[in-house]
Amino acid sequence: MGNSDTNTNIYFVGIESFLIAGGIGLYKHSLIWGIAAFVILLIVYAIPVLGGILSIISSAVEAYLLYAVLLKVLTLPSASFITLFVFYVLMVVHRIFGVMGREEGGSRSFRYSLIITECFVLSTAVWYTQKSIPIACAVLVLLLAAAFIPGLRIPGLLILSLGSAFLMWEVTHDNIDMKYSILMALIVLIYTGVNHAATCLGGREFEYINVKDDKNRYYQQSYYLSTHNDYQDVMNDEGKHGEYLIYESLKDYEQLGAKFLFNCYLNKEDNSTTEIDVMLICHGGIFVFESKNYSGWIFGDANSLNWTQTLPIGDGQSKKTQFYNPVKQNRTHIKYLKNLIDSNIPVYSVIVFSDKCTLKDVKVDLVNTYVIQHNEIRTKVDKIAEHTGHKLDTKQIYELYNKLYPFTQVSHEMKERHIENVRKTIANVTEPETEEGLPFLICPRCGSRLVLRTAGKGENIGKSFYGCASFPKCKYTREIEQPEVTNKE
């Protein structure tokens, strides 16, 4: 199953590249020129900022061709204003359906493309008037430096906006009435000014509108309807946010009859529970996801008890933290899941690390087991589902969902009991020792390392305790059961 938005973008870029390349081939009377242009255009479109610059240039050329046609039927001012409006619309279309629309932060990429294009256009104008390539190159370097060096960005972008507006006035005032020329210059000034202000704000322009839209959409999704997790809680909690991002990447599967389950607590033989973060039940089978929202370098293999996270701490040194092998962790989840379902149903174990980390030396070669990063989820699941084929019909999917859904709706007391059982299990596992001789302990809530801390205030001031290394994002604490252990971090 492919992403429809991605397909639309590919079709748009392909058709436009074909038309432009066709025009070049006809102009040169050469098929080779046309094919070469087509290949080059596709490559350039695939590079976010360069693709954005090409989009702006394409929009300008297309608008100019329309301008030449309009001049035959309309007055010069009318043709000019219509062309300016069409140029704006074409840039919006390119931003949505062109290469910039496919990447996360596409609007930001568009703004960078606009800045670079303005710098080139203004330096080209300097070359045209001064007839000096060195002066034009110097102006280009100065404009780019002013636009992208943080301390110079605000005055630099202001100069760009004023320069673009002045250039519009300079090009038009000899051909149309001064009032129309000034109005067109003001339109350019406002448009570029708004985009440059957005760049200075780091993309936070109109953020309240985007957040409101995201909230409204969130509260209508099956993730919320199942978990009842508050939007702000999900956005601020790394564990919950990682689970939600998995759902966001795969929610289109719901349109094909798939169902999601979140935080599914399955019973074990000793009356304790094991928790599955995210489960996708689709026609290809059941995908069991374990979310790990870590940064740094990740090392591990399928058989090790623990994996290692390495984080730089400056001066060429790094800090190593161990966490329980997620492959083994998810294998346990699947073991108890299979006690509840038909053994013929294919089950896939997918461990998803955040894009903030690097899977430096991760070796897992097990059937139906995959260790990936968030940006690979959709591609990987699509590929597995396509290879597996149609294993479950819609009725079977709903039967499995209805059977497993009650395991997601457990009481708060059961969740707390699960956390306590995980803590006891971790405490009883023989772990590798740190340099100080203290065992590694793992936070049962987020999987980070527990470290020794000392209370600095409150009724327990001066008392040592174990706290999560991810604090303040995770506030799990645990009392020290052996008071003779001294505070050694």
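Strands here are DSSP runs of E with at least two residues, helices are runs of H or I with at least four, and both are numbered from the N terminus. Two strands count as paired if DSSP finds at least two bridges between them. This is a predicted model, where local features need pLDDT of at least 70, side-chain atom pairs count only at pLDDT 80 or more, and totals for chains, interfaces and linings use all residues. Residues are numbered from 1 along each chain as its sequence is written, and side-chain values use heavy atoms, with hydrogens and water left out.

**Stop one: the sheet**

Switch to cartoon view and pick out S1, S2, S3, S7 and S9: in that order, these five strands form an open sheet with mixed pairing. S1 (259-267) and S9 (369-373) each have a single partner strand, so one side of each has no neighbour in the sheet. From one strand to the next, the twist averages 30°.

Now zoom in on S3 (residues 285-292) and S7 (residues 347-353), which pair in the parallel sense over seven bridges. Show Phe289 and you'll find Val350 of S7 standing opposite.

Next, select helix H15 (residues 377-388). What does H15 lie across? The answer is S2 (273-282), S3, S7 and S9, and H15 runs at about 155° to S9. That angle is between N-to-C directions on a scale from 0 to 180 degrees, using axes fitted to C-alpha atoms, for helices over the stretch in contact; contact means heavy atoms within 4.5 Å.

**Stop two: the cores**

A nonpolar core is a set of buried Ala, Val, Leu, Ile, Met, Phe, Trp, Tyr and Cys residues joined through side-chain atoms within 4.5 Å. Buried means under 20% relative accessible area, exposed means over 50%, and partly exposed is in between (1.4 Å probe, protein chains only).

The largest core has 25 residues, and Leu250, Tyr253, Leu280, Phe287, Phe289 and Val381 have the most contacts inside it. H12, H13, S1, S2, S3, S7 and H15 each give two or more residues to this core. Click on Leu250: leaving aside residues up to four places away in sequence, it touches Phe260, Leu280, Phe289, Ile377, Arg378 and Val381. A second, separate core has 19 residues, including Ile286, Val288, Ile334 and Ile341.

**Stop three: the rings**

Rings of Phe, Tyr and Trp (its six-membered ring) pair if their centres lie within 6.5 Å; planes under 30 degrees apart are stacked, over 60 edge-to-face, and the rest tilted. That rule gives 28 aromatic pairs.

Is Tyr218 buried or exposed? Tyr218 is buried, at 0% relative accessibility, while Tyr219 is partly exposed at 30%.

Tyr218 also pairs edge-to-face with Tyr244, with centres 5.4 Å apart and planes at 70°. This pair ties together parts 26 residues apart in sequence, because Tyr218 lies in H10 (residues 207-218) and Tyr244 in H13 (residues 238-250). Tyr244 is buried too, at 5%. To see the cluster linked by ring pairs, select Tyr218, Tyr219, Tyr223, Tyr224, Tyr231, Tyr244, Tyr247, Phe260 and Phe262.

**Last stop: a loop**

Finish at Asn368, in the loop between S8 (357-363) and S9. Asn368 has a positive phi of about 60° although it is not a glycine, and it counts as partly exposed at 29% relative accessibility.
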